[in-house]
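Could you walk me through this structure, stop by stop? I have it open in a viewer and would like to know what to select next and what is there.

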Amino acid sequence: MVQIVISSAGAEGLAEWVLMELQGEIEARYSTGLAGNLLGDLHYTTEGIPVLIVGHHILYGKIIHLEKPFAVLVKHTPEEQDCDELGHETGTTRYLVTALIKDKILFKTRPKPIITNVPKKV
Amino acid sequence: MSRTRAEVDATLQAAKLRASELLPTALSLRFGPGAQCCLLELEPALCRSLEAGHSLVIRGEKDEQAVLCSGDKTYELKVADTSNLLLCVPGCKTPEQLAREAEPPDLIHAEIFGFANNYWELRRCRPKLQKLRRLLMKNTYEGPDSPKEMDSNRTTYTTEDLLDVIQASKEEIMSHLQILNACEIGGYWRVLEFDYEMKLLNHVTQLVDSESWSFSKVPLSVCLQELGPLEPEEMIEHCLKCYGRKYVDEGEVYFELSADKICRATAQMLLQNAVKFNLAEFQAVWQQSVPEGMVTSLDQLKRPLWREADHRCLTHEILTVLRAKWCEGVQLPKTPVLEQQSAWGRGFAFLFPAPEGLFSSAHWYCAKKDRIKCFLLSDVRAAVSRNSFCI
């Protein structure tokens, strides 16, 4: 039988992250992929409503405190060097709990387009 | 290059948002290098367990539904798809968190760690413990001198071995081992062969009788001293633990023996070899067979006795014997409830109350096709409907 351990570093080692839930997909404008690129700016109104500006869109969302928090698991697969003299893999697949998520920001309203001002003719 | 507050403000202006309506802190979100991450949905107790540093284990054979086990609970693990995009953002603060800061910055740079389209969902489930009983019954313990013990081909299991093959948490496994009266012998978990267990019990009850002890004050040291020459000391102590409660009085270890457990075991022993008994006869013989001072009662048979070499629930045997003649020919309403696969082949369990005078509370009948084979007492029915016992 397979036994896969999910280990936790305990409260000291567990950060608290936030989950952002968006409808649809995000595509990179250029073919270089998403990594390193800006997504957008996140603001909160004085009443605590999250506002996300992505490209030419504004999205209004709400903050939800999760009844069932999430654990963010990162997989560790055995590396090539985790072999003993006979070449058997000594490492097994494990998951590490990297963070806990207790709040999420949900954006489910239709994004509003930002219409930039047409520059005035001088 | 990181965004500056000035750039953020310019975007705000273009979006026609008024800074006065917003909190002073803005967050600039950027995609990180990207990482494969999984989201596991937790119930609050599991969350607290992880925060305390405990681990979880996923267990299952390749062809089995995977389960996730904490130290003491088992959950079914399923992947739930979502049409939404879930982004994990470290360093992202909620307004509540910002409010708690003495001097919140005007711009926070947050990097998205990874994203997912699904998450792992957990549903609390019954631990898969029937396999535990099955595995241990393949090699029951009959005493140290049994030729079985010389046979190295027989499979034995340590606690670690059991964790490797049973889809359950460690605490659930340990708890079940206790229910099975299993004993750790030489580091391996063994279930005692019934006759051997009865032999040990008889040694103990006969000693109690010959020494004129009270059943509630059986001294461990004297038992070991007197019975040591007959059986291994660990087995005598194991028997006392299974059939009694350990306590210490003035530095001495004693056991308070359970009349209920001993009477049940005696009933099991009588019925194992019985061909036919009628109720009154059985009750008479049963009372005569238990140690003097103990009182038998049909209530003691309510919990199913379920250790039998051919996997039948012993309750069937007890209850077949208790088949009262006045039940035959009685028209009772039948409601088929479950179909059971048992050593007797496919049968239907019909549930209906017992006629007046037979038992004091409602009981259930288990019928093989149309013939009333035996009774299932109410507690057994509850157990069957919880699906935790095999019949």
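Before the first stop, here is a term to keep at hand: contact means heavy atoms within 4.5 Å. Helices (H or I, at least four residues) and strands (E, at least two) are DSSP runs, numbered from the N terminus. Axes are lines fitted to C-alpha atoms, for helices over the stretch in contact, and angles run from 0 to 180 degrees between N-to-C directions.

A word on the model itself: it is predicted, local features need pLDDT of at least 70, side-chain atom pairs count only at pLDDT 80 or more, and totals for chains, interfaces and linings use all residues. Residues are numbered from 1 along each chain as its sequence is written, chains are lettered from A and ligands numbered from 1 in the order in which they are written, and side-chain values use heavy atoms, with hydrogens and water left out.

**Stop 1: a helix over a sheet**

Select residues 5-14 of chain B. This is helix α1, which lies across β3 (38-44) and β4 of chain A and across β1 (26-31) and β6 of chain B, at about 75° to β3(A).

Now show the open sheet of six strands, with mixed pairing and the order β8(A)-β5(A)-β4(A)-β3(A)-β1(B)-β6(B). The edges are β8 (112-113) of chain A and β6 (107-112) of chain B; each has a single partner strand, so one side of each is left without a neighbour in the sheet. Two strands pair if DSSP finds at least two bridges between them.

**Stop 2: along the sheet**

Colour β1(B). Its pairing with β3(A) is antiparallel, over four bridges, and A:L42 has B:L27 as its bridge partner there. With β6(B), β1(B) pairs in the parallel sense over six bridges; B:S28 has B:H109 as its partner.

Is β1(B) enclosed or open? Six of its six residues are buried, so β1(B) is largely enclosed by the rest of the structure. (Buried means under 20% relative accessible area, exposed over 50%, partly exposed in between, with a 1.4 Å probe and protein chains only.) Look at the side chains: B:A26, B:S28 and B:R30 point one way, while B:L27, B:L29 and B:F31 point the other way.

Next, select residues 50-54 and 57-60 of chain A. These are β4 and β5, an antiparallel pair with four bridges, in which A:V54 stands opposite A:H57.

**Stop 3: another set of strands**

Move to β6 (residues 62-76) of chain A. With β7 (residues 94-107) of chain A, this strand forms an antiparallel pair over 11 bridges; A:V72 has A:A99 as its bridge partner. Five bridges also join β6(A) to β2 (residues 37-41) of chain B, again antiparallel, and A:V74 stands opposite B:C37.

**Stop 4: where the chains meet**

Show both chains: 62 residues of chain A are in contact with 70 residues of chain B. Two salt bridges link the chains, where a salt bridge is a side-chain nitrogen of Lys or Arg within 4 Å of a carboxyl oxygen of Asp or Glu. Zoom in on B:E51 and A:K102, whose side chains meet in a salt bridge (2.8 Å, N to O).

Finish at B:T94, in the loop between β5 (74-89) and α3 (95-99) of chain B. Which residues does B:T94 touch, not counting those up to four places away in sequence? They are A:V18, A:Y44, A:I63 and A:D103. B:T94 is buried, with a relative accessible area of 5%.
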